[in-house]
Amino acid sequence: MTDLYSTREGLGPRRDRETITPGAWQGITALIGQWANNGSLARHFPLYECVDDRGRNTITGTDMGMFLRAITGHIPDLAVTLQPDGLELERSPLDPYSMPDTASVLDLIEFVARYIDKPIDATNHPWGGNHTDYTFRHGDGPDPFSDRKLSPGEAELRDKVNEIFERNGIAYIVSDTMQVQRLGPVEARLLVSEFRPSTGDARLDGLLDDAMGRFLSRKPADRQDAVEKLWDAFERLKTLEGNNKAVAGPKLIEDAALSSEPFRKLLSDEFHLLTQVGNNFTIRHHELAKTPPPSDDARDYLFVRLASVIAVVLRHTGRMA
């Protein structure tokens, strides 16, 4: 896929919006409509209208009624409104001009990702209503959590939805697991995406990985958990060179300074300051006297500051993959 001109020239919007815009919603509904029309959703929501196939084994399209009812069952805030006869829609959950909340849109993207499966063959059937017969590969279809390459349908969804996100300045991405992830603050994206601890301490690696994962959540409570886990990891990090923090911590800092006395002092001062931050804010302790970060941005700042120090120490001591 070739980027549009403004993207190629670096003129696109800054990706810092954490709510889906009306323009992005219209683009997403257009994509889903295309996938419904070209058979990419037909395998799991099949329509059988081939008059020559009385055994109903030939899929001829997507049963939109079934598909929309499935959306309603999984994403209640996109509920379909039906006429009394239950056959005609008064309102579609894919109405491009009825803006749903962001969480529902992201749920919808992941829901479609579960079932998208491009046909391997589409044959025009000119008689019996002039329809198309679709053929799909054998098997149970895509599993977004298995260790395998993406199917053509999954790859298309990932690429096209991500392009809409980018073009509209939206700070989310469809990952290779076919799940939507928050990109986080612009200044933290490279740090988090390349954070791969290999400390030799499975518990420490787990705390760090969990903190990075929770930091990308839309939920402020998850990001608070991320900060707390990162500070727990920081305290454990100080014992990598031995159980006595008073000795092991300075040894770790000295190794990470790479024989630079000014940098050793800077790291030592930063370790001391960040230890105080963890103790004085509602991070490691939650007494009434402790101070919570005043905003989500402040919480993100504290996370990025500590994560940056930890990353430098791990890289300089050969503990980052």
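Leucine 258 lies in the loop between helix 9 (245–256) and helix 10 (261–280), and its phi is near 55°, a positive value in a residue other than glycine. Serine 259 is placed in the loop between helix 9 and helix 10 and, although not a glycine, has a positive phi of about 65°. Helices (H or I, at least four residues) and strands (E, at least two) are DSSP runs numbered from the N terminus. The model is predicted: local features need pLDDT of at least 70, side-chain atom pairs count only at pLDDT 80 or more, and totals for chains, interfaces and linings use all residues. Residues are numbered from 1 along each chain as its sequence is written, and side-chain values use heavy atoms, with hydrogens and water left out.

**Helix packing**

| Helix pair | Axis distance | Crossing angle |
|---|---|---|
| Helix 2 (22–37) and helix 5 (152–167) | within 9 Å | roughly 160° |
| Helix 8 (220–237) and helix 11 (296–316) | within 10 Å | roughly 30° |
| Helix 2 and helix 4 | 12 Å | about 20° |

Angles under 35 degrees count as roughly parallel, over 145 as roughly antiparallel, 65 to 115 as roughly perpendicular and the rest as oblique. Helix 2 and helix 5 are therefore roughly antiparallel, and their crossing is right-handed. A crossing is right-handed if the near helix is turned clockwise from the far one by less than a right angle, and left-handed if anticlockwise. In this pair, residues of helix 2 including Ala24, Gly27, Ile28 and Leu31 meet residues of helix 5, among them Leu157, Lys160, Val161 and Ile164; contact means heavy atoms within 4.5 Å. The contact comprises 8 nonpolar, 2 polar and 2 charged residues, where Ala, Val, Leu, Ile, Met, Phe, Trp, Tyr, Cys and Pro count as nonpolar, Asp, Glu, Lys and Arg as charged, and the others, Gly among them, as polar.

Helix 2 also passes helix 4 in a left-handed crossing. Here Trp25, Ile28, Ile32 and Trp35 of helix 2 meet Val105, Leu108, Ile109 and Val112 of helix 4, a contact with 8 nonpolar, no polar and no charged residues.

The crossing of helix 8 and helix 11 is left-handed. Among the residues that meet are Val227, Leu230, Trp231 and Phe234 in helix 8 and Phe303, Leu306, Ala307 and Ile310 in helix 11. By class, this contact has 13 nonpolar, 1 polar and 4 charged residues.

The largest pocket has a volume of about 390 Å³. Its lining holds 15 residues, of which Glu110, Val180, Gln181, Ser217 and Arg218 are the closest to its centre. A pocket is an open set of points on a 1 Å grid over the protein atoms alone, where a 1.4 Å probe fits, with protein on both sides within 12 Å along at least five of seven lines; lining residues have an atom within 4 Å of a point. Grid points are joined across faces, edges and corners, and a volume is the space filled by probe spheres set on the points. Helix 4 gives the largest share of this lining, 4 residues. The lining has 5 nonpolar, 4 polar and 6 charged residues.

The second largest pocket has a volume of about 330 Å³. Of its 17 lining residues, Gln181, Val192, Ser193, Arg196 and Leu216 are the closest to its centre. The lining is made up of 7 nonpolar, 4 polar and 6 charged residues.

Note on methods: Axes fitted to C-alpha atoms, helices over the stretch in contact; angles between N-to-C directions.
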